[in-house]
Amino acid sequence: MPYTKYQKTEAGKKSMRISSWKNQGLISNDYNKIYDLYINTTICDLCKTDLSKVKKCLEHNHNTGEFRNIVCNRCNGWKADKATKNIHVTYDKRNGNNIK
């Protein structure tokens, strides 16, 4: 199957998304679990915005690569702004489950 056709399949979309996360510094032992969580999350973990109406983001610690939340683009930008100013931001680890 040509690469461009593969990119349009569910497997291709998943592969490209996970590859993008790795390139952005996400480190995990279970990318499939994070992907399933990403696909099935419909509400921003922080502000409760409906994610079908805005850009959905996987929020992670850029120093450690640790997954934190599935958030809207606005909350992802807010957290990034706060992190660059060294302000402590708390986050929900999805009901205490730390996905690594």
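Which residue lies over the face of Tyr 31? Lys 22 does, at 4.7 Å from the ring centre; a charge sits over a ring if NZ of Lys or CZ of Arg is within 6 Å of the ring centre and within 35 degrees of the ring normal. The model is predicted, so local features need pLDDT of at least 70 and side-chain atom pairs pLDDT 80 or more, while totals for chains, interfaces and linings use all residues. Residues are numbered from 1 along each chain as its sequence is written, and side-chain values use heavy atoms, without hydrogens and water.

Helix H2 covers residues 10-23 and helix H3 residues 31-40. Their axes come within 11 Å and cross at roughly 110 degrees, so H2 and H3 are roughly perpendicular (65 to 115 degrees). Among the residues making the contact (heavy atoms within 4.5 Å) are Arg 17, Trp 21 and Lys 22 of H2 and Tyr 31, Tyr 35 and Tyr 38 of H3.

The whole structure holds two aromatic pairs, with ring centres within 6.5 Å. Trp 21 and Tyr 38 have ring centres 5.2 Å apart and planes at 75 degrees, which makes the pair edge-to-face (over 60 degrees). Together, ring pairs link Trp 21, Tyr 35 and Tyr 38 into a cluster.

Trp 21 is buried (under 20% relative accessible area), at 5%. Tyr 35 is buried at 9%, and Tyr 38 is buried at 7%. The charged end of Lys 56 sits over the ring of Tyr 38, 4.9 Å from its centre.

Note on methods. Axes are lines fitted to C-alpha atoms, for helices over the stretch in contact, and angles run from 0 to 180 degrees between N-to-C directions. Helices (H or I, at least four residues) and strands (E, at least two) are DSSP runs, numbered from the N terminus. Angles under 35 degrees count as roughly parallel, over 145 as roughly antiparallel, 65 to 115 as roughly perpendicular and the rest as oblique. Rings of Phe, Tyr and Trp (its six-membered ring) pair if their centres lie within 6.5 Å; planes under 30 degrees apart count as stacked, over 60 as edge-to-face and the rest as tilted. Buried means under 20% relative accessible area, exposed over 50%, partly exposed in between (1.4 Å probe, protein chains only).
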